[in-house]
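Have a look at the structure below.

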Amino acid sequence: MVLLTERYPEHGINYQVNRPVNEDGTKVTHAKVLFNNVSDVARAVENGYIEVDGVRLDFSEEAKQKLEESRERVQKTNDNLAVLEAEQMNAESAKKQGEAMAKETENMGKAIEIFRRMSKGGVVPSNDEKLLMEFDDKMYQTAKAMQAMAERHKKHKRLSEDEEEEEDGVENKMGTNPRQTTEIDVEIEGKSAEVTGVSEVEKSLE
């Protein structure tokens, strides 16, 4: 089975369609649509439809509402990540003035990762939640709200210990944290299509 990937910039809406193709050349009925950013989601909702592999996908009122809710969640998450990264960059600059800033900078990097995990629905140890809460209580409350709305709840090892014990190998890189975007699941039957799911996924910075 191969994956058919196409991009559609119609109506100023940038999104990617992924639809598997069987070995005999027939296409499966399920496809995924990945929007480039929140502006594309807003334009898609305003437009009322998009094209998915040559099939027009009209958005129902329910689908529009779910897309708008997802857009707002993605916007909030990405804005908060941008704020945290800006604070991290400022701390990195200040670090050159003395080693006393080293621990704070390290905690900022960990806070960003903990926020990202929680906002995706991840379950982190209580010590990690405490670290984020002490670093920025507003960010912590936002992460908890996003965590409660998520469908998946992956458990993570403690990040507030030594970094080498963390299986994900988190690195303290400025401005390279993946952003979230909206993805929709689509079922296609002949020349008709409908939205069957709306979710948030990570999209690496290009």
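Asp53 counts as buried at 12% relative accessibility, where buried means under 20% relative accessible area, exposed over 50% and partly exposed in between, with a 1.4 Å probe and protein chains only. This is a predicted model, in which local features need pLDDT of at least 70, side-chain atom pairs count only at pLDDT 80 or more, and totals for chains, interfaces and linings use all residues. Residues are numbered from 1 along each chain as its sequence is written, and side-chain values use heavy atoms, leaving out hydrogens and water.

Asp53 has a positive phi of about 50° even though it isn't a glycine. Most residues other than glycine have a negative phi.

Now the rings. The count comes to 1 aromatic pair: the centres of the Tyr15 and Phe35 rings are 5.9 Å apart with planes at 50°, so the pair is tilted. (Rings of Phe, Tyr and Trp, using its six-membered ring, pair if their centres lie within 6.5 Å; planes under 30 degrees apart are stacked, over 60 edge-to-face, the rest tilted.) How exposed are the two partners? Here are their values.

| Residue | Relative accessible area |
|---|---|
| Tyr15 | 4%, buried |
| Phe35 | 0%, buried |

Last, helix H5 (residues 137-149); helices are DSSP runs of H or I with at least four residues, numbered from the N terminus. Met139, Tyr140, Thr142, Ala143, Met146 and Gln147 are buried in H5. Seen down the axis, the buried residues of H5 fall within an arc of 165° (taken from the directions from the helix axis to the C-beta atoms), so they line one face. The face turned away carries the exposed Lys138 and Ala148.

Key: Helix = DSSP H or I, 4+ residues; strand = E, 2+ residues; numbered from the N terminus. Expected span 1.5 Å × (residues − 1).
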